[in-house]
Amino acid sequence: MVMHPGIKLRHIRAFLEIADEGSLSAAARARRLTQPALSRSLGELEAMLGQPLFLRQGRGLALTEAGRLFRRHAAAGVEALEAGAAALAPATAGGRIEVGVLPTVAARLFPRVALRFGALRAGIVLSVETGPNTYLLRRLRDGAIDLMVGRMPEAAEMAGLTFEHLYEEEILLCARAGHPLAGLPARDVLRRSPLILPPAGAIIRRPVADYLAAHGLGGVVPVFETVSLAVGRGLLLGSDAVWFISAGVIAEDLARGDLVAIPTGARFLSGSVGMTTRQAGADRPGLDLLIQLTRDLGRRLQGGDTDQTGGVP
């Protein structure tokens, strides 16, 4: 079947934005369009394709099976077009972008963003550093880094900064595979296992402390404190300790089966992950592309579309 000649790039971009956001109103805000205009673009696309791409679920929209299939191919097509446009753009010699990356995106999301960026902007050096939230925020304000990616900072730390939400991420209680207490309720596991907590300065420490206090475990003293994957993983694999850590840090270990998550039953153990920039902005060649790639891959990660984030086009 030949694609309908009336389908334009604006139709594809509108569809992908709605799929990422899950609602017309959120997608309209993201694309700086009116909701009727975005709804009209979606209606035109569905009419030209001859089938609905979304189902209404309360106030939101969910992809139909046809919509999920079309999204996969549409996203790949837009990425290919962007790669082609980037290939024709003049190379930027000596360009450099400084990025601060928090642990929650250091293992999974940002390496994929960096690989994609490197394929599109080979003339620009992407310098990536990690560190505690307070350290990276200070570097961002001072202009030492251009972008910070990770958990949303506390409201009191946002003066002069702007945060863009990408997705919600859980804080997990995890242990090594084969942990002798893994089948017990989380409260029992926590009472009987060595505990690893995020350091006091970590953004996720407060919700973890609230969880422990709510379950009568406020007095539990951790044996270790870290958000480092290398350190935390080594401690878990070499002992019966359990660790509260962001899901993104240990996603690959969970997928391989090296680590397991112990259900906590706590809905509030989650938080916003996204990008923090200075309100004044930074005039760096390639920075807009890096932000767009982070935005696109982050939203697909939230939607579970992992096939589209694993490689370079």
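1. A search of the whole structure finds 14 salt bridges, a salt bridge being a side-chain nitrogen of Lys or Arg within 4 Å of a carboxyl oxygen of Asp or Glu. The model is a predicted one, in which local features need pLDDT of at least 70 and side-chain atom pairs count only at pLDDT 80 or more, while totals for chains, interfaces and linings use all residues. Residues are numbered from 1 along each chain as its sequence is written, and side-chain values use heavy atoms, with hydrogens and water left out.

2. Helices (H or I, at least four residues) and strands (E, at least two) are DSSP runs, numbered from the N terminus. Glutamate 252 is partly exposed, at 31% relative accessible area, and arginine 112 is likewise partly exposed, at 21%. Here buried means under 20% relative accessible area, exposed over 50%, and partly exposed in between (1.4 Å probe, protein chains only).

3. A further salt bridge joins glutamate 169 to arginine 151, where the closest N and O atoms are 3.8 Å apart. Distant parts of the chain are again linked, with glutamate 169 in strand β6 (residues 161-176) and arginine 151 in strand β5 (residues 147-151), 18 residues apart. Both partners are buried: glutamate 169 has a relative accessible area of 4%, and arginine 151 has one of 6%.

4. Glutamate 154 and arginine 206 meet through their side chains in a salt bridge of 3.9 Å, N to O. Because glutamate 154 lies in the loop between β5 and β6 and arginine 206 in helix α9 (residues 205-214), the pair ties together parts that are 52 residues apart in sequence. Glutamate 154 is partly exposed, with a relative accessible area of 33%, whereas arginine 206 is exposed, at 55%.

5. Salt bridges with shared partners also connect Arg233, Asp253, Arg256 and Asp258 into one network.

6. An annotation may be set beside these contacts. UniProt, in an unreviewed entry, places the feature "domain: HTH lysR-type" at residues 7-64; UniProt positions are given in the numbering used here, feature names are shortened, and annotations may be inferred rather than shown by experiment. Over residues 7-64 the chain is 62% helix and 14% strand, with the end C-alpha atoms 19 Å apart.
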